[in-house]
Amino acid sequence: MTRYIKRHTLQTRITHGTVAVSCILLAITGLFVFVPALTTAVPPHVVLMIRRAHRILGVIIILVPLISAILAPKGVAHLFHNYFAKWDKDDFVWMKKFIPYMLAPKKIHMPDQHEVKAGQRVADGALIVGVLVMAISGIFLLAGTSFAELSASTMVVMRLIHDIAFLWMVIFGLAHIYLGAGIFQPYRGTRRLMFGDGNVEESDALYHWGHWAVDEIDKGEKITDDEEVVA
Amino acid sequence: MTDVAILYDSSRCSACKGCQSACKCWNGLPSPLEKNAVSCTGSYQSPPELNGDTRLLIRFDEAAGGSKGVEWAFNRRSCMHCVNPGCVAVCPSGALHVDAETGFVAVSAEKCVGCKYCASACPFGVPQHYGPEKTINKCTGCLDRVEQGRAPACVKTCQPGALKFGDREEMLAIAHERVALLKAKGYDKAVVYGENELDGLHVIMVEKYGLDAAGLPENPQINQVVDILGLMKPLTGIGAAAIVAGLGLSFLTGIGYKRDTLHYDEAAHDVVDMDTGEIVRHIDVESEE
């Protein structure tokens, strides 16, 4: 019988899902301001509709994680604890092997990892920083094009920051989708962690987060023998 | 039609604001009717700046001096219709474009998405945005009139003849002639503006009291950040292509990858490969702790 370890709560999955969908829609709607060819390809009222949608999505992507964090302060503390945990030898080895592993997964074997991999800390951290920068510059742009009078210099600098953050998000976002959605063969099945029931198969857990999987199985608190969700 | 231009001669301007009113009338731009709706600038300049429903403004520069205690310098503040307009270069929606016939910077307000990129790119601070969607409003050079062989509304209404309209070269010739005359009369600061600034403007100005009094930048420049913004599009394209190529290569090298099923025997503290039955590793619990 296959064993599963609970990895993400329903609230985490809903927050992640909302942010992920918002992020993709923000990128698509944002392209209609970023790429003139797209803007001119559709009627003006559609562009205005897209512009409104971009702003609404911008508010959603800021508010949802904030509300989620307020609702689960312990979860935020746990997340910070994991992301800022001291790096051990395995973390450094993992980072060193990452690029060769991505290009030769059949030959390169990665060391065991704790609850958050070294690479996750870097990549997820980069995504969080990117979202924060986009959110802050986006708030300035939203204010400056609606209710506030901001100087042209402030606006143009905020646009540049927004554009640079977009490039940043494109790079880390695509990599995140490639790995998180399990497009990369060794990561097959990881999609269900955030877009499924939040459980990870024992075998997958041992492969990806060896230290964490062993700890959790030893504790036995988050283990189930079927796909029933552990509260 | 060759490139045209509006000539503004400040030495002939009486600041009657007829041009300002004519612009509003022709373009159907409202003015606030409530008492004290427009803040006072302390001068006759009203409203204080170009705004969403004022495309043309007569600027008053006041300084103490002269036989009557005040010296006035007037200037016409509106779109300068640059030959190479920064606003058009950054407009993502095609709301701003150069009219091929006249060289004026034309506006298709219905295409404006309200991003205000144009305002950031304009060294004269001309583009204004208003309305529920905060879309652009700026001087169009009365293209609807010009296309019918008529002069812009502001030019048509100018009583003292401070505004002229015609072939750009012809307007420049008139401007230089006028400045030469002013200098001969002792107005040393008199200058022609718009001939070479930003590769040339389609509004030529005779500034009787110089550029400072007219509130015009001597060497207007488009914000350099705008140029960097222009680089971001190809850079993002290259970045996206590079990451897709890299991930694509990774995907190709991973084809055929198969991982054995792992199981952890918590009693023996062994991680076991279920397909081969081998112990992959033994967990030293004390050491792990």
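Cys118(B) touches Cys87(B), Val90(B), Cys91(B), Leu96(B), Pro127(B) and Ile136(B), leaving aside residues up to four places away in sequence. Touching, or being in contact, means that the C-beta atoms of two residues, placed from the backbone, lie within 7 Å. The structure is a predicted model, in which local features need pLDDT of at least 70, side-chain atom pairs count only at pLDDT 80 or more, and totals for chains, interfaces and linings use all residues. Residues are numbered from 1 along each chain as its sequence is written, while chains are lettered from A and ligands numbered from 1 in the order in which they are written.

**Cores**

Cys118(B) is one of the residues that touch the most other members of the largest nonpolar core, together with Cys154(B), Leu163(B) and Ile204(B). This core has 77 residues. Strand S1 (residues 4–9) of chain B gives the most to this core, with five residues. A second, separate core has 16 residues, among them Tyr4(A), Ala205(A), Tyr264(B) and Val271(B). A nonpolar core is a set of buried Ala, Val, Leu, Ile, Met, Phe, Trp, Tyr and Cys residues joined through C-beta atoms within 7 Å. A residue is buried if 20 or more other C-beta atoms lie within 10 Å of its own, exposed if 12 or fewer, and partly exposed in between, with C-beta atoms placed from the backbone. Helices (H or I, at least four residues) and strands (E, at least two) are DSSP runs, numbered from the N terminus.

**Contact between the chains**

In chain B, 43 residues are in contact with 45 residues of chain A. On the chain B side, the elements giving two or more residues are helix H3 (117–121), helix H8 (224–254) and strand S11 (262–265). H8(B) gives the most to this side, with 18 residues. By class, the side of chain B that touches chain A has 22 nonpolar, 13 polar and eight charged residues. Here Ala, Val, Leu, Ile, Met, Phe, Trp, Tyr, Cys and Pro count as nonpolar, Asp, Glu, Lys and Arg as charged, and the others, Gly among them, as polar.

**Sheets and strand pairs**

Strands of a sheet pair through backbone hydrogen bonds, either parallel or antiparallel. Two strands count as paired if DSSP finds at least two bridges between them.

| Strands | Bridges |
|---|---|
| S2(B) (residues 57–64) and S3(B) (residues 70–77) | eight bridges |
| S11(B) and S12(B) (residues 270–273) | four bridges |
| S9(B) and S10(B) (residues 203–207) | three bridges |

An open sheet of four strands in chain B has the order S8-S1-S10-S9, with mixed pairing. Strand S8 (163–167) and strand S9 (191–193) of chain B stand at the edges, each with a single partner strand, so one side of each has no neighbour in the sheet. Neighbouring strands of this sheet are turned by 20° against each other on average, direction ignored. Val192(B) has Val206(B) in S10(B) as its bridge partner. Helix H6 (residues 168–184) of chain B packs on the sheet and touches S1, S8, S9 and S10 of chain B, and the direction of H6 makes about 135° with that of S8(B). Such angles run from 0 to 180 degrees between N-to-C directions, and axes are lines fitted to C-alpha atoms, for helices over the stretch in contact.

An open sheet of three strands in chain B has the order S11-S12-S13, with antiparallel pairing. In S12(B), Asp270(B) is the bridge partner of Asp265(B).

**Backbone details**

Lys116(B) is not a glycine, yet has a positive phi of about 65°. Lys116(B) lies in the loop between strand S5 (105–107) and H3 of chain B, and is buried, with 24 other C-beta atoms within 10 Å. Cys142(B) also has a positive phi, near 50°. Its place is the loop between strand S7 (135–137) and helix H4 (143–146) of chain B. Cys142(B) is buried, with 24 other C-beta atoms within 10 Å. A cis peptide bond, with omega about -5°, joins Ser46(B) and Pro47(B).
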